[in-house]
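Subject: Structure for your review

Dear colleague,

Please find the structure below, together with its sequence. My notes on its charged side-chain pairs follow.

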Amino acid sequence: MGPPWQADWTKEAEDNRNALPSAARALVDAARAELVIARDPYFRGIDTAADLPDGMSVEPVQSSRPGGAHVLYFDHGRGWLRYVFTPRTADPQIVIDECVWQ
């Protein structure tokens, strides 16, 4: 299976997203869109994140766990989505557990 990936929000992350002003929600939605259409949601390899729009970047939460949680920064680092990708054969899924914009 491949993109687009299924993406779900934890209740807290969704509530945080919904509490943002509409302009910030549009930025979050754009970041989520980039995430679900990425060939590899962990952006592994050399220059795989080069296709991300200006102001977006991805990195693992812990460098020692490249297959664990990742952070997608958007709006030049003013906001981020923390997520985990589960590459199951039958139903691969991205779970966004933190949504922040400042």
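Aspartate 97 is partly exposed, with a relative accessibility of 26%. Please bear in mind that the model is predicted. Aspartate 97 forms a salt bridge with arginine 82, and their closest N and O atoms are 2.9 Å apart. Arginine 82 belongs to strand 4 (residues 79-86) and aspartate 97 to strand 5 (residues 93-101), so this pair ties together parts that lie 15 residues apart in sequence. Arginine 82 is likewise partly exposed, at 28% relative accessibility.

This pair belongs to a total of five salt bridges in the structure.

Another of the salt bridges joins lysine 11 to aspartate 15, with 3.1 Å between the closest N and O atoms. Both residues sit in helix 1 (residues 11-19), and because they are four residues apart there, about one helical turn separates them. Lysine 11 has a relative accessible area of 59% and is therefore exposed, the cut-off for that class being over 50%. Aspartate 15, at 37% relative accessibility, is partly exposed.

I would also draw your attention to arginine 44 and aspartate 40, whose side chains meet in a salt bridge at 2.9 Å, N to O. The relative accessible area of arginine 44 is 45%, so this residue counts as partly exposed.

Yours sincerely

Conventions
Residues are numbered from 1 along each chain as its sequence is written. This is a predicted model: local features need pLDDT of at least 70, side-chain atom pairs count only at pLDDT 80 or more; totals for chains, interfaces and linings use all residues. Side-chain values use heavy atoms; hydrogens and water are left out. A salt bridge is a side-chain nitrogen of Lys or Arg within 4 Å of a carboxyl oxygen of Asp or Glu. Helices (H or I, at least four residues) and strands (E, at least two) are DSSP runs, numbered from the N terminus. Buried means under 20% relative accessible area, exposed over 50%, partly exposed in between (1.4 Å probe, protein chains only).
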